[in-house]
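Subject: Structure for you, with notes on its pockets and cavities

Hello,

Here is the structure you will be working with.

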Amino acid sequence: MPRLLNDRLYVPPELIAKAAEVAFGDMAFYFRPNHLARLAKMLNAPDIGGNDSFVIENLLTNAVISAKEQLPHCQDTGTAIVYAWKDEGVYTGADDRDALEKGAEAAYKNKLLRFSQFIPASFFNEFNSGNNLPAQIHIEAAANDNAKPSYRFLFAAKGGGSTNKTTYIASTPALLGEAPFRAFLEERIRGLGTAGCPPYQLAIVAGGASPEQNLELLKLATTEILDEVPYFDPSNPNQNSHALFRDRYWEDQIKEIGRNTGLGAQFGGTNFILDVRVLRLGRHAATFPVSIGVSCIAHRNMLAVIDSEGLSIEQLVNTPETYLKECGVNLQSTAVTRKASAQKHISLEKPMREVCSELSALKTGDMVLLSGKLIVARDLAHLRWHELISQRKDLPEYVKKHPVYYAGPAGTPPGKVIGSLGPTTAQRMDPYAEELLSRGYSLISLAKGNRTKLCLDACKKHGGFFLGTVGGAAALLSTYVTSNELMDYPEFGMEAVRLITVKDFPAFIVIDDKGNDLYK
Ligand code: SF4
């Protein structure tokens with residue numbers, strides 16, 4: 001327990017570690033109530049269209065499965081990030097960063113979360129750290145704002161797909177106008193694509209004394225911790241003196257821009273954006289910096305406070321089914337089941353060319369249910385295959401025989417076939433598309449997000465397909481896996497090559513063999 005000594009609060013480092021362990025453990029399995037409520041509202045909207053209802057129901061069903069605390073809601077359980085504000089009256093007599101890292105490590109190890117951090121052994125050689133460390137930790141000194149000193153924490157676990165969507169643009173004052181700013185936003189928001197697993201919690205920060213200040217506010221805005229920043233009030237002349245404000249007009253405009261992208265929750269529709277924060281602050285005369293960032297559907301943020309009363313930590317929803325029922329969502333009579341039963345079943349037990357010709361009869365945006373064997377492989381395996389091809393060697397037969405699912409699972413909980421197994425961002429494999437497909441390898445790939453022309457051209461030229469499945473629904477997707485065998489490269493950890501069998505695994509045709517792309 002913390003204790004007050006001469007008006008100073010002693011916080012034992014074990015309590016700091018405990019806060020981190022509870023937060024990183026809970027965030028992997030549970031969601032904030034407002035996050036689930038926003039998704040429920042989207043699903044209940046009478047005008048929900050495209051493939052949105054299927055995706056959002058999958059995401060809510062996923063939340064119900066992950067709340068059993070075995071399968072994390074996303075396989076990428078993120079980089080551990082901590083922001084802390086330490087009042088001057090607080091002392092620990094220890095290295096607080098060390099305590100926070102110990103707590104994070106305990107959560108990732110004890111809850112079988114995925115270790116995603118790589119350490120450079122030399123400039124080009126890396127190894128997995130084996131405990132998901134290092135964490136990113138910021139501790140700021142704060143004045144006691146009342147007589148009661150406290151230590152306040154924001155914990156966030158950020159996945160690689162959503163991190164990659166962060167953009168900082170050192171723009172110029174030429175953007176200061178309704179028309180240029182709107183055109184800029186339309187291009188940038190559409191350019192976010194779907195690889196960061198929408199519906200997005202989007203944040204935009206305009207202005208800032210430096211790129212670092214701008215980007216820190218962006219990160220904090222995506223966690224909702226800056227929601228209390230006052231809105232700009234055009235009728236209040238004193239507003240001009242405000243150092244920082246939110247802008248309701250642009251938040252509304254951006255929601256509309258998101259609807260009009262047509263990208264929808266992931267496979268076409270209108271529900272691209274879950275919520276928006278737009279912040280504006282001062283700038284240097286020579287620049288008008290704008291940053292854009294998202295928090296993905298695995299919206300993992302938690303607050304905690306340690307004061308003389310002990311540790312208080314934000315409560316997430318651990319019975320989402322009850323909560324969703326109150327929001328008017330009944331997952332028992334799911335549209336997922338109804339829609340899934342009406343879809344085309346594709347057996348992957350047939351020769352690859354036969355499977356391709358069945359897919360060729362369908363169109364982009366169509367959903368299929370896959371049954372049979374898939375190879376699970378991602379970045380490191382593709383790099384290894386590329387090296388083998390460069391040495392004029394053949395790849396293992398399985399790369400020709402089975403579709404390749406770009407994914408890397410979380411740890412397998414006792415009694416399960418595999419851990420959470422959602423798709424990773426497909427675009428990273430695009431540089432290998434031509435060399436693989438031209439040799440008859442990987443004719444069908446499966447993952448998430450949009451792909452570049454490299455993949456589109458290779459599919460058209462060599463009769464290939466790219467299928468997308470729901471990003472951020474990893475707990476649910478792992479329930480379609482009936483067998484799991486390690487094939488190659490165990491030293492790659494979560495990136496090892498696996499052969500899995502799936503039953504009725506849902507996927508959408510994103511790119512076909514005729515040069516069509518759902519996202520174009
Ligand atoms: S939901 Fe998508 S973007 Fe977010 S952590 Fe998971 S895989 Fe990455």
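The lining of the largest pocket divides into 14 nonpolar, 17 polar and 13 charged residues. In this count Ala, Val, Leu, Ile, Met, Phe, Trp, Tyr, Cys and Pro are nonpolar, Asp, Glu, Lys and Arg are charged, and the others, Gly among them, are polar. This is a predicted model, in which local features need pLDDT of at least 70 and side-chain atom pairs count only at pLDDT 80 or more, while totals for chains, interfaces and linings use all residues. Residues are numbered from 1 along each chain as its sequence is written, and side-chain values use heavy atoms, with hydrogens and water left out.

On terms: with a 1 Å grid over the protein atoms alone, a cavity is a set of points where a 1.4 Å probe fits but cannot get out, a pocket is an open set with protein on both sides within 12 Å along at least five of seven lines, and lining residues have an atom within 4 Å of a point. Grid points are joined across faces, edges and corners, and a volume is the space filled by probe spheres set on the points.

The largest pocket holds about 930 Å³ of space. Of its 44 lining residues, Phe118, Arg378, Asp379, Met494 and Glu495 lie nearest the centre. Helix α12 gives the largest share of this lining, five residues (helices are DSSP runs of H or I, at least four residues, and strands runs of E, at least two, numbered from the N terminus).

The ligand takes up the space of the largest pocket (a molecule sits in a pocket if more than half of its atoms lie within 2 Å of its grid points). Around the ligand are 14 residues, the closest being Cys74, Gly196, Cys197, Cys296 and Arg300 (near means a heavy atom within 4 Å). Five of the shell residues are nonpolar, six polar and three charged. At least three come from each of domain 1 (1-159 + 298-337) and domain 2 (160-297), with bounds from an automatic or database domain assignment.

The second largest pocket has about 360 Å³ of space. Among its 14 lining residues, Lys41, Met42, Asn271, Ile273 and Leu274 lie nearest the centre.

There are three cavities of 30 Å³ or more. The largest cavity has a volume of about 100 Å³, and β8 gives the most to its lining, three residues. Arg300, listed above beside the ligand, is also one of the residues nearest the centre of the largest cavity.

Regards
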